[in-house]
Structures are given as structure tokens and as C-alpha cells.
Amino acid sequence: MWKRILFTILAALASILLSACSVTPAPQSETRNMTDDAGRTISAPIHPTRIVSLTYGTDEILTALLSPGRIAAYSKYAGDDGISFLTKDEVSRVGRTVDMEPEHILALAPDLVIASTSTPMQTVEVLTHSGIPVYVSGIPTTVEEMKEKVRGVAKAVHEEEKGEALVSDMESKLAALASKLSAVSPDKERVALGGILGKKGTLFSDVLRLAHVKDGAAVYEVPKGADAYLSLEILPKIDPDVILLPTWRVKAGDDTKAFEEGLLSNPALREVRAVKERRLVPFSEKYKYVMSQHVVDAVEAAARAVYPEVFVTRD
């Protein structure tokens, strides 16, 4: 009951905001119906020209599919090199980012919003109630599912042909990597751990698999409902060959170098192979949390971090 009351209040506020700011949704030409990754049927313009993206992954997919003029705003993470693959220059061409507050999104008068299943449903409902079509994309747990996410976003903006070309490019790059990594036989595969982070069945676990790397997190069953941070106490049990160090500063005080030194100086970790052999490799979070076609870049980055010798160019 309270959820319904809250939704009604928010929807009313959104309507008031639209009237007060004299903001009118962009005129819509012909529309077409489609089903998004959440199973919702939406009606969206055949050729949307004021598209708002609410996630860093959809920012990146849209950038590969569209000219900047069709994108009204990127997500608030766009251009943050700790998590986003977009350059500052690419973000400046669109010129605007937005958070997930419905009133801020409505003020942009979008004709299509691209969200994800991680977007608060309250935001999706308020926008939908206000007459804005919202396409909800999924959160893949495999590279194959990522290809479908790309196809889905391409469908939402009516650029299916470009979407297929993007998927084809992903597949070509993966095939080239597979050929290069064929030198790593199954019995020579190394164990890596993404910092002290990881859960079995995640997209990053599939990234490691394609990089011919054994996922250290997959040998430890993280209890359901627990966060993804593994205790330092279980590091000796996993005994990874390589630890991929975190680099994104989420909060003040985060320091990759201090984290590395803490691992190296911890007596309990002295016999862990990655610590003993000093295979502690800074590894950007944008590869661990990738949510776009750049998952292919994540596979290559993981392979380079764990098997640098495979990528040495010999004259």
C-alpha cells in the first residue's frame, strides 16, 4: 500500500515538474512495439533522437551505434576512467550526464530512456507513467549474454544492422585472442583472483575463462546474500598465481599501492604463490565490471595480466 502511495506521489510530482518547467517530451513520429530484457512490452519511436542512457554499459553501446546528436545524456559515470570506457572527448560531444532522479531525466525531454535491471524500478515506473518509453536492458553473466544485450540495445534504437556488426566485431576479436591463447594448454592455466573480489557465476568469471585463466573465486562458494569480498584468511586456500589489484578509488583513502604492500607484508600470506612471486598486477575495475561490447577488451586485459609472456613481440 505504501509503495503505491509513494509511486502516486512521485508520479504527481513528475507531472508538476513537467508543467512548471514547460518541458514537453520530444515529438514522436511513428512508433513500434518491442520487448525489453525485463520482459516488458514498450512502444518507442522508430527513430529516437533524444536518447538518455542511465548506465555506463549502455553509454558505451550507444556510442558505438549512434552519432552524438541522437544522445541527449549519458549516465553519471560516463568518462570516469576507473569504470567507463568512454573518453572525456566522447562525453564532451554529447555534453551532458544525468543521475537516476526522475525529475532530472524528465527535464531533458527524452523520447527514449535506456536503463538496466539495476535501475531502481521506481525510476522506471515514474518515467513510464510520465509517457517516456523506457527500455530495460539486462545484466549479463556470460559473454554470450553480452552479445544479446548489445543486440537488444541496438533493437531499441532501431539500429539492428549496426548491432550485428558490433557483435561480429566482438566475435572476430575473441577468435583472434583464442588463437593466440591456444599456446596456453589446460594444464598450464594459472589461477587468478580479482583483488579480493569475486563470485562464481559472474561475467568476470566468464571473462577469465575465455582468457584461459582459472578463476580463484570459483573454488570458493560465496554464501548467498553475502557481498563479493573474500576474506584474506582464505587466500592461502585459493593460493592464486596472480592477484589482480583494484585501482578504482571508490572512497577517500583507497590506495592500490597501500593494498599491495599490505598483502606483501602480511606474514599469513607469505607462502601464497602470487605474493611470494610478486605477481600482484594493477587491473582496472572497468574490466571487472564491464557491461558492454568492451567485454572483449576485458578478456584481452586479463590474458595480458596473467600471461604477459604470450604477448611479447619478438623481432
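**Strands, helices and their labels**

Guide: Strand β4, helix α3 (residues 88-94) and strand β5 (residues 97-98) make a right-handed β-α-β unit. This is a predicted model, where local features need pLDDT of at least 70, side-chain atom pairs count only at pLDDT 80 or more, and totals for chains, interfaces and linings use all residues. Residues are numbered from 1 along each chain as its sequence is written, and side-chain values use heavy atoms, with hydrogens and water left out.

Visitor: What makes a unit right-handed?

Guide: Point the strands away from you; the path from the first strand over the helix to the second must run clockwise. β3, helix α2 (residues 56-65) and β4 also make a right-handed unit.

Visitor: How do you know that β4 and β5 pair?

Guide: Pairing needs at least two DSSP bridges between two strands. β4 and β5 have 2 and run parallel. Ser75 stands opposite Val98 in β5. Strand β3 (residues 51-53) also pairs with β4 in the parallel sense, over 2 bridges. There, Val52 has Ala73 as its bridge partner.

Visitor: Why is β4 called mostly covered?

Guide: In β4 (residues 71-75), 5 of 5 residues are buried, meaning under 20% relative accessible area with a 1.4 Å probe, protein chains only.

Notes. Buried < 20%, exposed > 50% of the residue type's maximum accessible area, 1.4 Å probe, protein only. Helix = DSSP H or I, 4+ residues; strand = E, 2+ residues; numbered from the N terminus.
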